[in-house]
Amino acid sequence: QKANQTLFTAVQIAGEVGILHGMRKGAFSVQLDARDEGGSVVTNLLELIAKGAKTPTHVMRKALETAATFDAGVDALSGTEMANPAYFIVAGAAKGEGAILSMDRKASADTWHLYEESAKDTKHVNPQQEWFRLQTNYDHWTAAPTYDDRRAPGVAHVGQFCGDGVVDQACMTKVMTTWPTQNHHTDVTSIMCPRTGYFDVTVWINGTAGESVLV
């Protein structure tokens, strides 16, 4: 909070300053997904200690504290050097605002907006309808590995449960809790709507790696 006003709502691990899922009502929401298995631990530590790079969770917190619009949020998230690679899934409060940020340590590797063709996916290995973006833990312009292809079922479930762009909390909950999106590796499921301020997070104690759907 600032001046008795709530700036954003977020989920974090106890004792950690950074956040994993967060939303600034009326502006944007952001969720973190691991990229390249989180990167090399040794390299990540060197980036933190020697270069003063920030973790993705700290970058998310700073963006939510300082950015009051979707565009400002995207700029803040993609313009900061980080200790490890990551995906930021960003949704806005207005129609058409949404993007998948695929982040290297130094800068953004790719930004894939709603209603835009992917500049990276030249071979069309990941066709998705223009009104949503689904991201797992693999670059969207490469084929998902056969041993962990949550992408294809997830895309199919969005079409099955949410219809042609008719999206609400119920259909998103169904998408996010249907196998293989939800599986024994799933730790947290979040559904956020920056337009209305809806914020729902479930922590799966026994696990019943997730993915993110942006609409």
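**Sheet and helix packing in a predicted model**

Arg24 stands opposite Phe28 in strand E3. This is a predicted model, in which local features need pLDDT of at least 70 and side-chain atom pairs count only at pLDDT 80 or more, while totals for chains, interfaces and linings use all residues. Residues are numbered from 1 along each chain as its sequence is written, and side-chain values use heavy atoms, without hydrogens and water. Helices (H or I, at least four residues) and strands (E, at least two) are DSSP runs, numbered from the N terminus.

**The sheet**
- E2 (residues 21–24) and E3 (residues 28–34) pair in the antiparallel sense over four bridges; pairing requires at least two DSSP bridges between two strands.
- The open sheet has six strands in the order E1-E2-E3-E4-E5-E6, with antiparallel pairing.
- E1 (9–11) and E6 (108–113) are the edge strands, each with a single partner strand, so one side of each has no neighbour in the sheet.

**Helices on the sheet**
- Helix H2 (residues 56–66) packs on the sheet and touches E2, E3 and E4 (86–92); contact means heavy atoms within 4.5 Å.
- Helix H3 (residues 70–78) also packs on the sheet, touching E3, E4, E5 (98–103) and E6.

**The H4–H5 pair**
- The axes of H4 (residues 151–162) and H5 (residues 169–176) come within 9 Å and cross at roughly 150 degrees; axes are lines fitted to C-alpha atoms, for helices over the stretch in contact, and angles run from 0 to 180 degrees between N-to-C directions.
- H4 and H5 are therefore roughly antiparallel to each other (angles over 145 degrees).
- His157, Val158, Phe161 and Cys162 of H4 make the contact with Cys171, Met172, Lys174 and Val175 of H5.

Methods: Angles under 35 degrees count as roughly parallel, over 145 as roughly antiparallel, 65 to 115 as roughly perpendicular and the rest as oblique.
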